[in-house]
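Here are a few notes to read alongside the model.

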Amino acid sequence: MEGEMAKQTQNGKAFEFACLDAISKRYKDQVFVLREKSAAYETAKKFFDELEDVHKSVLISGSEKGVEILERLEANLIDFTEEDKLKLSIQADAKGQSGDVRDIIIQKNEKWEIGISAKHNHEAVKHSRLSPTIDFGDKWMSLNCSEQYFDEINVVFEQLEELKGIEWNNINLNKVNVVYKPLLNAFKKETMRLYEQYGEEVPKRLVRYLLGEFDFYKFILDVNKRMIRVNAYNLDGSLNKKTKNIKSEYNLSKVKLPTKIYYFDYAENSNGISDNTMELICNNGWQISFRIHSASSKIETSMKFDVKLIGVPVDIPTFIGII
């Protein structure tokens with residue numbers, strides 16, 4: 001499990017480098033391009049260089065298709081003057097933890113900026129945790145959780161504290177009934193309590209937490225299907241700006257945040273009711289899944305969420321590039 005996660009992280013970093021490299025090569029003959037060679041950049045380049053040539057080829061092709069799509073949405077990537085400079089950088093992971101989900105930043109003369117979130121074979125928007133010391137209400141939405149919530153989850157985490165460091169496979173513990181479901185039930189109950197108290201602020205702030213504080217484009221590379229999807233998250237209307245001379249080929253609408261929760265319960269799948277995933281359905285087209293898991297072969301006193309947007313507003317368009 002941990003080896004697979006490490007490999008996924010390395011592939012994700014390699015894809016970040018491939019995207020930056022594709023942008024640099026596409027525009028280097030039109031404008032002065034500066035690559036910021038930070039520690040994050042060097043790490044991403046290292047992982048890219050270590051890939052086999054076949055995998056590199058897919059990443060390169062996918063990135064190039066993604067940049068072609070991006071150019072049709074951003075007039076600033078078409079309209080250059082002799083004085084213009086394009087600065088490209090890869091952000092450190094800490095930026096994502098502090099509310100900026102963008103992996104790659106493109107700046108033009110420090111007056112225009114867009115960002116890309118690059119995903120390699122996965123679509124999770126956050127990998128948040130639940131623990132006895134994490135107030136998810138405060139951390140995600142600046143709305144404090146109740147003492148009752150912590151009382152409920154501590155029943156679970158106190159048991160895990162006694163078993164900390166032991167391999168899950170070496171104990172006879174029903175992870176679903178003893179850990180997953182009690183934590184999910186407490187999480188759901190507290191979310192709905194906050195919603196009852198604060199109304200529309202809860203779904204609005206939750207989505208802003210998941211998507212970060214800046215508008216961005218998401219590049220999702222599907223290696224098996226040989227395709228790349230580009231989504232535009234234009235929540236504040238900062239994407240798709242026209243220049244003095246050019247307007248983009250497509251017009252992106254400003255996206256509406258959710259204001260109501262319609263449904264929050266265990267997800268249904270082909271096998272019936274899920275035992276580790278809850279689904280949140282809101283208005284304005286937003287649908288979010290929360291899958292809880294241990295994330296480690298050894299017992300820890302925290303659990304991890306893979307949070308995915310499984311439904312988004314029609315105002316968030318999807319552009320497909322075939323590799």
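This is a predicted model: local features need pLDDT of at least 70, side-chain atom pairs count only at pLDDT 80 or more; totals for chains, interfaces and linings use all residues.

**Notes on the aromatic rings**

1. F136, W140, Y149, F150, F187, Y209, F264, F290 and F305 together make up one aromatic cluster. Numbering runs from 1 along each chain as its sequence is written, and side-chain values use heavy atoms, with hydrogens and water left out.

2. In the structure there are 18 aromatic pairs (rings of Phe, Tyr and Trp, the last by its six-membered ring, with centres within 6.5 Å; planes under 30 degrees apart are stacked, over 60 edge-to-face, the rest tilted). Take F136 and Y149: their ring centres are 5.3 Å apart and their planes at 75°, so this pair is edge-to-face. It joins distant parts of the chain, 13 residues apart, with F136 in helix α5 (residues 136-141) and Y149 in helix α6 (residues 147-163). Helices here are DSSP runs of H or I, at least four residues, numbered from the N terminus.

3. Are F136 and Y149 buried or exposed? F136 is buried at 0% relative accessible area, and Y149 is buried too, at 1% (buried means under 20%, with a 1.4 Å probe and protein chains only). Y149 also pairs with F150: centres 5.2 Å apart and planes at 70° make that pair edge-to-face. F150 is buried as well.

4. Look at the lysines next. K126 has its charged end over the ring of Y209, 4.7 Å from the centre, and K175 does this with W168 at 4.3 Å. "Over" means NZ of Lys or CZ of Arg within 6 Å of the ring centre and within 35 degrees of the ring normal.

Methods: Helices (H or I, at least four residues) and strands (E, at least two) are DSSP runs, numbered from the N terminus. Buried means under 20% relative accessible area, exposed over 50%, partly exposed in between (1.4 Å probe, protein chains only).
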